[in-house]
Amino acid sequence: MNTTTALTIEGMSCASCVSRVEKALARVPGVSAASVNLATETAEVSLTGATVTTEALLAAVKQAGYSAHLRQSDRPEPAPAASGGWQVVLAAALSLPLALPMAGMLAGADWMLPGWLQLLLATPVQFWLGARFYRAGWKALRAGSGNMDLLVALGTSAAYGLSLYLLWQHGGHGGAHLYFEASAVVITLVLLGKWLEARARRQTSDAIRALQALRPETARVRRKGQDLELPLAQVVVGDLVVVRPGERVPVDAVVVEGSSELDESLLTGESLPVARGPGGRVTGGAVNGQGLLLLRTAAVGAETTLARIVRLVESAQAKKAPVQRLVDQVSAVFVPVILVIALATLLAWGLMAGDWERAVLHAVAVLVIACPCALGLATPAAIMAGTGVAARHGILIKDVEALEIAHKVTVVAFDKTGTLTEGRPELVAAQALDGDRPALLAAAAALQQGSEHPLARAVLSAASAESIAVPAAQGLRALPGRGVAAAVDGRELRLGSTRLMDELQVGLSGLAGLAAQLQGDGRTVSWVADVTDTPRLIGLLAFGDKLKPTAARAMARLAAMHVRTVLLSGDNRGAAQAVGQALGIAEVRAEVLPEDKARILGELKAGGATVAMVGDGINDAPALAAADVGMAMSSGTDVAMHAAGITLMRGDPALAADAIDISRRTWSKIRQNLFWAFVYNLVGVPLAAFGLLSPVLAGAAMALSSVSVVGNALLLRRWKGKP
């Protein structure tokens, strides 16, 4: 059985590090795949069996030159603070006196410090504050590869070594320009860039930390008549939990006593409080309003809705988008190629121009500017920001591939009941062929006993309201996409769609006119028949369901985004057409079975469309899995949510348009980041090789590239859905 282990990796600095860690983990026997994310500093390792130990994985990472520890699954780790600020300040203080003479030269002044003083200022920057580059670069060399730290260590060491040689040659008595400022300032700029990058990367995980903050540390549990303040870890399923006004709900639970309104905005993105009373379900992390609630615990710890949301968002952020494969392939050969270019630059300038001093400086500039950090961060930083803003607005992206594909969606198919309608239909008509309405309702209610289908609940509610005795049913079974069958009082009865009646050869002519009229009004019509001997019609039932208030606006938004909408419904054609016409849906397919929905989506995909499916029921699961992108309403079934790559945390069809819009903007940021990361190196490396960039400018450009990539991704946090 395949299992997955999550690790936190420390010490990575660029895309080359990612490649090396992945290769090291993949070589461990029993590991089928390893995916490492630079932005989150995590690794997801897929294991083919239980024989692989955590110690073996940690040892492989250590051998590759990095450190790691097991990531706790029950409580995600907060992003580390952007440490090293004091190192940046100290490096800047030591480097500033070395850099100021350059400004003096521009003003015609000679502020050059004595050589021995330059040496004293540059040495601690090079070998103390810059020691991290030597350590990481040496580990990379020992592992037979290279990374950004190796490039910085080689480049600054070359500049420092050249300055030391010139100082020794001239004895500090003038006559030679020293380049201690190049090595010191480059290290300072790289340290500054890494510090700013760490701060920016921390912001990309704000969504995870905001969700974590929703989880209280304690709960007020009622045991043996006393209210006890207990750590959350000691609360068990079945415990009675007291939640006072203004407090956060600590667990998933069912209301036993009391009523109140709860703020679930950070969980679902819904700005308005929702009312909950006895029997209502509440979610851990929600804020209680004005009422005192007594709750019976239904889920704790890792099984709560909040914990699952955190795990899924974190998992999506840690995984790689398919486009990242191109970056990985480039990064695998990037550092060796840069080392070759730097050597070629050194030899070309030294041999052809005869100026080895200048040759060293140009080679240093090549090494310094060619940092692959921006390449490594371009995609994951945008993915983290995109999934984070989606989570804050009630869109849970479980599959990062779904986020990438969603930007190409050209067709969105919707289920009807519970997706575009409220999913709470009412029985508006019950017409028996022989005029005996109570007998019709009794038979229909018997067939619907035990069913959770919205139409079944409407029938049972109507029978209860009219105080109709419901007989027992034997051999009750569902007929997928058609209806139900059972034996009631010795008769074989069937309740279902027109399709089922046609298959059973039940004549409908007696009520066909009334059915057509009801369907024309947008009603859903079901039939009840007796098939004991000769199939005969007993009567019809008509149901009405309200459209969701946001459904029409959602369809209009999708149309404005040039996305075609399709309605796939198992309902009769009249009811489906009425909904389609009211909402302005481009295409309506009615009376379709669950397997038909998957087939229709396949036809749309074969026609060149990229298709998303939005649904909420068990019968939507095949279609959700068959679509390019499945979007399940969280108000629906667990089966539907499991089959979909995106879960809409509110039963709001407008979230489908929001999900596509977020995907488009995220993909746009990925393209922008990759473009600038590639262009930066394609332009910067030749400029440095041809002597048009000094090492100091190269260091500044390198630091700026990483920070700009992460900063550009963070602009996604400003996204707000259209009303």
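Predicted model: local features only at pLDDT ≥ 70, side-chain atom pairs only at ≥ 80, totals over all residues.
Residues are numbered from 1 along each chain as its sequence is written, and side-chain values use heavy atoms, with hydrogens and water left out.

Reader: Are α19 and α24 roughly parallel or roughly antiparallel to each other?
Author: Helix α19 (residues 551-560) and helix α24 (residues 654-689) pack with their axes 7 Å apart, at an angle of about 30 degrees. Axes are lines fitted to C-alpha atoms, for helices over the stretch in contact, and angles run from 0 to 180 degrees between N-to-C directions. Angles under 35 degrees count as roughly parallel and those over 145 as roughly antiparallel, and α19 and α24 are therefore roughly parallel.

Reader: Is Q126 buried or exposed?
Author: Q126 belongs to helix α4, which covers residues 115-129, and, leaving aside neighbours within four places in sequence, Q126 is in contact (heavy atoms within 4.5 Å) with residues including Y134, T156 and I187. Buried means under 20% relative accessible area, exposed over 50% and partly exposed in between, with a 1.4 Å probe and protein chains only. Because its relative accessibility is 0%, Q126 counts as buried.

Reader: Which residues have the most contacts inside the largest nonpolar core?
Author: A nonpolar core is a set of buried Ala, Val, Leu, Ile, Met, Phe, Trp, Tyr and Cys residues joined through side-chain atoms within 4.5 Å. The largest one has 76 residues, and α24 gives the most to this core, with ten residues. Those with the most contacts inside it are L25 and M631.

Notes
Helix = DSSP H or I, 4+ residues; strand = E, 2+ residues; numbered from the N terminus. Parallel < 35°, antiparallel > 145°, perpendicular 65-115°, else oblique.
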